[in-house]
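Hi,

Here is the structure I promised to hand over. Have a look at it first, and my notes on what turned up follow below.

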Amino acid sequence: MPSSSSSPSPAWERLVAEFPNVPGETIVVAFSGGLDSSVLLDAAVAALGRDRVLAFTAVSPSLSSADLDDVRRIAGELAVHLHEEPTHELDDPGYVSNQGDRCYFCKRELFSVIGRVKETLGIGRVAYGYHLGDDADFRPGL
């Protein structure tokens with residue numbers, strides 16, 4: 001995220017340019033409060049403006065209260081509307097078994113919940129933070 005005293009990096013400008021500017025369309029950013037989703041949320045705001053971006057956070061017992069506090073703080077600093085929605089990945093035996101494919105079950109729950117509320121929230125597109133370094137990890141569900 002560029003500071004006000006420096007010019008944006010080419011990488012930042014490329015990221016911001018990735019957001020399609022469809023007039024009147026709102027985009028939701030799957031927002032965990034981590035670095036990837038925070039940068040993505042900031043880039044969405046830079047590309048589209050605060051009024052057309054919604055931060056979406058899945059709230060479940062697997063999200064610590066400290067992490068939820070961070071989510072709320074960062075969304076507040078970016079002045080972006082935050083939508084918190086309960087998820088139930090702990091009801092999924094595939095997630096609870098904590099095998100190597102746990103990420104798949106977590107993402108399946110996240111995106112099914114986003115899909116259910118997408119229309120109600122007036123969302124056209126969903127953005128999810130991912131970077132090239134994630135390719136080195138085994139992350140089914142990406």
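The largest pocket has a volume of about 530 Å³. A pocket here is an open set of points on a 1 Å grid over the protein atoms alone, where a 1.4 Å probe fits, with protein on both sides within 12 Å along at least five of seven lines. The volume is the space filled by probe spheres set on the points, which are joined across faces, edges and corners.

Before you go further: this is a predicted model, where local features need pLDDT of at least 70, side-chain atom pairs count only at pLDDT 80 or more, and totals for chains, interfaces and linings use all residues. Residues are numbered from 1 along each chain as its sequence is written, and side-chain values use heavy atoms, without hydrogens and water.

Back to the pocket: 23 residues line it, and Phe 31, Ser 32, Cys 106, Lys 107 and Leu 110 lie nearest its centre. Lining residues have an atom within 4 Å of a point. α5 gives the most to this lining, with four residues.

Ser 60 sits in the loop between β2 and α3 (65-77); helices (H or I, at least four residues) and strands (E, at least two) are DSSP runs, numbered from the N terminus. Ser 60 counts as buried because its relative accessibility is 10%, the limit being under 20% relative accessible area (1.4 Å probe, protein chains only). Ser 60 touches Thr 87 and Glu 89, leaving out residues up to four places away in sequence, with contact meaning heavy atoms within 4.5 Å.

Best wishes

Notes: Buried means under 20% relative accessible area, exposed over 50%, partly exposed in between (1.4 Å probe, protein chains only).
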